[in-house]
Amino acid sequence: IGAQTRAAERLEAQAEALRTGDPVVLAGATAELERELSSAPARAERRAALVRVLAGSWGVDSRSLRLSSIAMRAGTEGRRLDRLRVDLRAATARTARAMRRNALVARLHQRAWGEVLEGALAAAAGGETLPGGQLVDAEA
């Protein structure tokens, strides 16, 4: 839940940077988000190891266990886990929505800048639409 909350906070910072259009702030917010997301594989491995231990002690295949089934098998101790499962689901949904929203805004920015550049190039070419661009060596 904490990781999802941190990711949501980083996504909100990225969304704000997208709204302001400041490329330096956007790069920083994106780097922070990438750092947060880079820890996901380690968390997933720790979670998988714990599930394997629980599966072994219950004599079931670890692939059959989900958080809800673990909470159910844990009996009265599982009630807290079940409440946390609901919180985790909500936090994950918020993060997923924020990721989709930021991706959409980034695509809109990309499309808008593409149109601006296309218009500027067409104006520089005397109003005719150019068939494509050319790569240039900026250091030349």
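Start where α1 meets α2: Ala3, Arg6, Ala7, Arg10, Leu11, Ala13, Gln14, Ala17 and Leu18 in α1 touch Val25, Leu26, Ala29, Thr30, Glu32, Leu33, Glu36 and Leu37 in α2, where contact means heavy atoms within 4.5 Å. Sorted by class, the residues of this α1 and α2 contact come out as 11 nonpolar, two polar and four charged. For that sorting, Ala, Val, Leu, Ile, Met, Phe, Trp, Tyr, Cys and Pro count as nonpolar, Asp, Glu, Lys and Arg as charged, and the others, Gly among them, as polar. Keep in mind that this is a predicted model, in which local features need pLDDT of at least 70 and side-chain atom pairs count only at pLDDT 80 or more, while totals for chains, interfaces and linings use all residues. Residues are numbered from 1 along each chain as its sequence is written, and side-chain values use heavy atoms, with hydrogens and water left out.

Now for the geometry. Two packed helices are described by the angle between their axes and the distance between the axes. The axes of α1 and helix α2 (residues 23-38) cross at roughly 165° and come within 8 Å; axes here are lines fitted to C-alpha atoms, for helices over the stretch in contact, and angles run from 0 to 180 degrees between N-to-C directions. That makes α1 roughly antiparallel to α2, given that angles over 145 degrees count as roughly antiparallel and those under 35 as roughly parallel. The helices themselves are DSSP runs (H or I, at least four residues), numbered from the N terminus. The crossing of α1 with α2 is left-handed, a label used if the near helix is turned anticlockwise from the far one by less than a right angle.

Follow the chain on and α2 packs with helix α3 (residues 40-58) at about 20°, their axes 5 Å apart. α2 and α3 are therefore roughly parallel to each other. Glu36, Leu37 and Ser38 of α2 make this contact with Ala40, Pro41 and Arg43 of α3. By class, the α2 and α3 contact has three nonpolar, one polar and two charged residues.

Back to α1, which has another partner to look at. Helix α1 (residues 2-20) packs with helix α5 (residues 78-124) at an angle of about 20°, the axes 9 Å apart, and the two are therefore roughly parallel. This crossing, of α1 and α5, is left-handed. On the α1 side the contact uses Gln4, Ala7, Ala8, Leu11, Glu12, Gln14, Ala15 and Leu18, and on the α5 side the residues include Leu88, Thr95, Arg101, Asn102 and His109. The class count for α1 with α5 is 11 nonpolar, six polar and two charged.

Which α5 residues are worth a click? Leaving aside residues up to four places away in sequence, Thr95 touches Gln4, Ala7, Ala8 and Leu11.

Asn102, again in α5, is buried at 5% relative accessibility. Its side chain makes a polar contact with the side chain of Gln14 at 2.9 Å; such a contact is a pair of N or O atoms within 3.5 Å, and within protein one must be able to donate a hydrogen and the other to accept it, with residues adjacent in sequence counting only if both atoms are side-chain atoms. Asn102 touches Leu11, Gln14, Ala15 and Leu18, not counting residues up to four places away in sequence.

Finally, Arg101 of α5 is partly exposed, at 39% relative accessibility.

Methods
Parallel < 35°, antiparallel > 145°, perpendicular 65-115°, else oblique. Buried < 20%, exposed > 50% of the residue type's maximum accessible area, 1.4 Å probe, protein only.
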